[in-house]
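Trainee: I have a chain to look at. Can you walk me through its features?

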Amino acid sequence: MLPDSARLACWLNSWLGHGESADAVISGLDGDAGPTRFVGGPLGGTLSTALFLRELRRRGVRRVSSALPVPGDPLGLGGPPAFNADVIDAGEGALLHGPQLGLVPVRADGLVTWHVGAAEPPSYLPPVSEADRDLRAALIEAADRLAHLDVASWRPEVADLLTTLRRPAPDHVDTPFASPQSARLAHDAMRSRHIVLLARTDDGGAVSASEAGRRAEALRPLDRAARAALVAATSSLDGR
């Protein structure tokens with residue numbers, strides 16, 4: 001399942017690019033769990049998805065980008081520090097290009113409320129083609145390093161995922177990507193993140209500090225490339 005910020009960016013970008021109607025976006029974002037809400041000082045209160053879309057038009061939003069940072073790597077963020085810290089704590093966020101606003105998700109009872117505040121978009125977002133090349137290179141490097149660490153002996157499912165990663169991506173019927181290339185990249189990025197999660201998990205055996213360190217070092221480039229690929233795939237307006 002895509003991160004909430006990735007889905008939000010896809011739906012809003014599709015609407016901004018006239019690929020989806022407002023009604024489709026409202027249905028796509030609100031879903032079965034209940035209505036999405038947007039709150040914060042710049043908005044003057046709490047807005048429904050429908051009112052938030054109107055606010056995007058009024059404020060001249062040109063693009064929405066997702067952010068998937070971790071401590072030490074503020075991927076997708078431009079500042080200020082207080083906003084960056086909130087997004088890092090949440091694990092994700094979104095940026096509105098034009099009015100210089102950002103959104104941080106807060107989850108409660110299965111619902112997501114987006115808190116809006118002043119924020120700077122990143123100075124650079126990689127195009128889909130570049131992010132795809134970087135992810136492929138990171139996968140090759142990770143596969144080599146995990147093989148050296150004998151990944152198959154303690155996580156055979158990781159080895160299986162590495163060998164089947166480039167299978168055709170399923171249709172994302174619940175998320176409107178800008179292009180088939182963006183959809184495929186998001187699929188590969190999500191599977192790569194799953195590899196990282198599995199490979200980082202100890203299945204009950206004793207793992208020494210040095211072993212854990214080598215494992216983390218082997219996975220760090222893939223984790224970063226996968227997060228960057230998701231940002232590129234979901235922040236693109238034209239799928240390139």
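This is a predicted model: local features need pLDDT of at least 70, side-chain atom pairs count only at pLDDT 80 or more; totals for chains, interfaces and linings use all residues.

Trainee: How many helices and strands does the chain have?
Mentor: Helices (H or I, at least four residues) and strands (E, at least two) are DSSP runs, numbered from the N terminus. Here there are nine helices and six strands.

Trainee: What percentage of the 240 residues count as buried?
Mentor: Buried means under 20% relative accessible area (1.4 Å probe, protein chains only). In this chain, 48% of the residues count as buried.

Trainee: At what angle do helices α2 and α3 cross?
Mentor: Axes are lines fitted to C-alpha atoms, for helices over the stretch in contact, and angles run from 0 to 180 degrees between N-to-C directions. The axes of α2 (residues 22-30) and α3 (residues 49-59) cross at roughly 125° and come within 9 Å. Angles under 35 degrees count as roughly parallel, over 145 as roughly antiparallel, 65 to 115 as roughly perpendicular and the rest as oblique. The pair α2 and α3 is therefore oblique.

Trainee: Which residues make the contact?
Mentor: Contact means heavy atoms within 4.5 Å. Helix α2 brings Ala22, Val25, Ile26, Leu29 and Asp30; α3 brings Thr49, Ala50 and Leu53.

Trainee: Is Ser182 buried or exposed?
Mentor: Ser182 is buried, at 0% relative accessible area. Ser182 sits in helix α8 (residues 180-200).

Methods. Residues are numbered from 1 along each chain as its sequence is written. Side-chain values use heavy atoms; hydrogens and water are left out. Buried means under 20% relative accessible area, exposed over 50%, partly exposed in between (1.4 Å probe, protein chains only).
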